[in-house]
Amino acid sequence: MLNTPTVTMFDLHVVLPAAALVFGAIVLMLSEVFLSSPNRTYMAVIALVTSGIAGVVALNNAFEPARLVLQGFAVIDPFSSFMTVMVCLGTGLASLLAAGFLKHRNAERGEFYALMLFAAAGMSLLAASNEFITLFINLEVLSVATYALTAFLRRGPRPAEAGFKYFILGAFAGALLLYGAALLYGATGTTRLSDLATLLPGAMATRGGLVYAGFGLVLAGFAFKVAAVPFHMWTPDVYEGAPTPVTALMSVGVKAAAIVAMVRTFLALVNGLDPQVPFILFSLLALLTMVGGNLLAMPQRNVKRMLAYSSIAHAGYLLLGVTALFVPDAARSSDAGGVLSATPLLANAAVNASVYKGILFYLLGYTVTSIGAFGTLAAIERREDETRSNTWDLERLAGLAQRQPGWAAAMAAFMLSLAGVPPMVGFLGKLYIFSAAVDAGLIWLAVVGVLSSVAGTYYYLRVVVYMFMRPAAADAPATFRHWTTEVALVVSAVATVALGIVPGPIAEWLSRAGMVFGG
Amino acid sequence: MEHPLTQYLPIAVVFGLAGVMAVAIPFLAGVLGPRTRTVMKGEAFEGGNAPMGSARQRFAVKFYVVALLFIVFDIEAVFLYPWAVNFRALGWFGYATMLVFAATLVVGLVYVWKKGALDWES
């Protein structure tokens with residue numbers, strides 16, 4: 001007797017945003033082959049409208065109660081729904097950036113936007129996955145789309161190098177994750193995260209080694225995806241070689257989806273483990289990533305590589321938030337008998353809620369800021385430069401304040417936001433994350449985070465200095481202007497400043513995301 | 001209690017024997033076999049004719065596209081077959097699921113067709 005799953009419309013809410021994105025992608029693919037209009041800006045508009053619709057649907061989902069759907073293969077909770085909203089925001093802005101960028105290079109193709117939307121659908125479902133195979137498939141959906149996007153501009157060796165590196169290392173990381181999931185399945189007999197949470201304490205008693213090996217492999221797989229030090233080596237090369245709008249999408253969407261999936265996975269996996277182990281591992285990752293990302297960004301004269309390293313540092317701050325979830329409860333771990341059965345999560349539910357809010361607000365702020373920063377770079381870089389090595393050198397930004405005062409002001413806002421200077425949104429994001437970490441008792445880690453972010457101010461402000469205090473080179477090429485680029489830059493600049501000054505309603509909404517299913 | 005892997009012991013024995021054979025037989029052939037080396041014998045064997053040109057040829061990328069398309073529809077057949085066997089039991093749920101799956105592939109086929117990937121001469 002076959003048991004056909006019962007699926008109600010209520011269950012399908014979780015896939016609606018992704019379904020909208022996939023539908024838009026299919027429309028774009030068909031429009032590419034059936035309409036041969038020379039002006040293809042309409043494709044960016046289709047992509048924008050699609051991500052707008054998906055974003056509104058996801059926002060609607062965010063106010064539904066958290067619950068398991070589709071036989072426990074997925075969850076619908078405010079945490080994942082808000083993540084989807086941010087992904088849709090990022091995808092919409094990145095496709096606007098791409099319109100001008102691709103037009104300038106005569107490379108406007110429907111496939112580009114379709115791949116972006118497929119990647120966004122993968123991110124949206126990845127954040128809602130509650131089962132290892134679902135999680136892996138969605139991780140691959142988003143990864144395969146971004147591999148192809150990375151090498152989309154095929155001219156020259158750089159995109160090929162970036163695409164190949166990203167593909168090999170991404171596939172390797174995916175395999176690690178899958179191997180870890182297989183070991184955990186071997187130990188417990190389930191791939192569902194919520195079942196793993198209940199079965200792991202029992203499995204620890206008999207097959208502790210398997211559980212720890214699986215835990216480590218899954219952690220390494222995720223660490224590759226979020227580009228945590230020491231799994232970050234691919235990031236600068238891939239970010240540099242990819243078309244700049246794709247880099248913008250990768251730095252916000254892929255990272256955000258991976259962080260959210262990581263939180264959901266490890267909330268389940270830490271059950272039954274010695275609470276010190278995940279705590280030490282995550283602290284180490286956060287520490288190395290914060291310090292390493294900032295130190296490596298400092299000597300970069302290439303602004304695109306600098307922003308790539310800066311995105312590593314920002315992943316570090318997010319990992320600091322994740323670490324705050326796994327702080328062992330001191331009272332309980334001192335009780336020797338209860339160490340193995342202690343669940344560190346139940347003890348500090350109030351802290352966890354502020355951590356979720358911090359992570360989400362940080363991701364939102366980073367989304368608008370990073371899209372804007374990469375967008376300004378995309379607007380400045382010239383097609384003729386592609387073969388030269390100094391395309392993204394700091395000199396390119398010299399005197400931007402005279403040539404394009406609007407862009408220079410926007411870029412200054414993005415740089416200050418990345419550095420965490422009030423009143424930009426980056427400051428509030430850091431404030432939420434660091435204060436949540438301090439509440440959780442991670443005082444020294446938070447101090448290191450603040451110090452490394454102060455050190456980071458140096459390379460962000462250097463960009464501002466070049467734009468406003470250095471004269472433009474005499475042979476500075478004229479910039480290519482396109483209305484879509486301007487719209488994207490204005491929206492992200494306004495959001496960067498406005499969210500920093502009046503976070504009110506949005507931060508209020510995100511507090512509701514303190515409800516993570518099972519957290 | 002019998003260890004759950006015990007029933008796989010014969011398979012392990014077969015794997016072991018296969019490994020021993022794979023190592024031992026080429027080794028024995030190398031040690032015991034008589035050999036005479038001439039220039040003629042050193043040439044690559046291509047069905048008896050004298051080899052010409054290099055073995056490192058470049059293949060048209062068209063083969064790659066065809067191989068990918070083949071895999072897509074091959075996998076479709078793999079999924080369709082168990083559904084067809086259980087058609088009645090799966091009912092409308094299975095039918096709707098399969099319809100979405102097949103429709104997506106048809107759209108893909110239309111895209112590939114219009115894109116010109118099915119034209120061999122172009």
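Two residues are in contact if their C-beta atoms, placed from the backbone, lie within 7 Å. By that rule, residues 24 or more positions apart make up 81% of the contacts in chain A with a separation of 6 or more.

The model is predicted: local features need pLDDT of at least 70, side-chain atom pairs count only at pLDDT 80 or more, and totals for chains, interfaces and linings use all residues. Residues are numbered from 1 along each chain as its sequence is written, and chains are lettered from A and ligands numbered from 1 in the order in which they are written.

Begin by selecting chain A. Its C-alpha atoms occupy a box of roughly 75 × 55 × 45 Å along the principal axes. Of its 519 residues, 57% are buried (20 or more other C-beta atoms within 10 Å of the residue's own, with C-beta atoms placed from the backbone).

Next, colour chain A by secondary structure. It holds 21 helices and two strands, which are DSSP runs numbered from the N terminus (helices H or I, at least four residues; strands E, at least two).

Now select M116(A), L117(A) and A257(A), the residues with the most contacts inside the largest nonpolar core, which has 195 residues. Such a core is a set of buried Ala, Val, Leu, Ile, Met, Phe, Trp, Tyr and Cys residues joined through C-beta atoms within 7 Å. Helix 10 (residues 244–269) of chain A gives the most to this core, with 18 residues.

Stay on A257(A). Beyond its neighbours within four places in sequence, the contacts of A257(A) include M83(A), V87(A) and L142(A).

Finally, show chain B. Ten residues from chain B and seven from chain A form the contact.

Definitions and conventions
A residue is buried if 20 or more other C-beta atoms lie within 10 Å of its own, exposed if 12 or fewer, and partly exposed in between; C-beta atoms are placed from the backbone.
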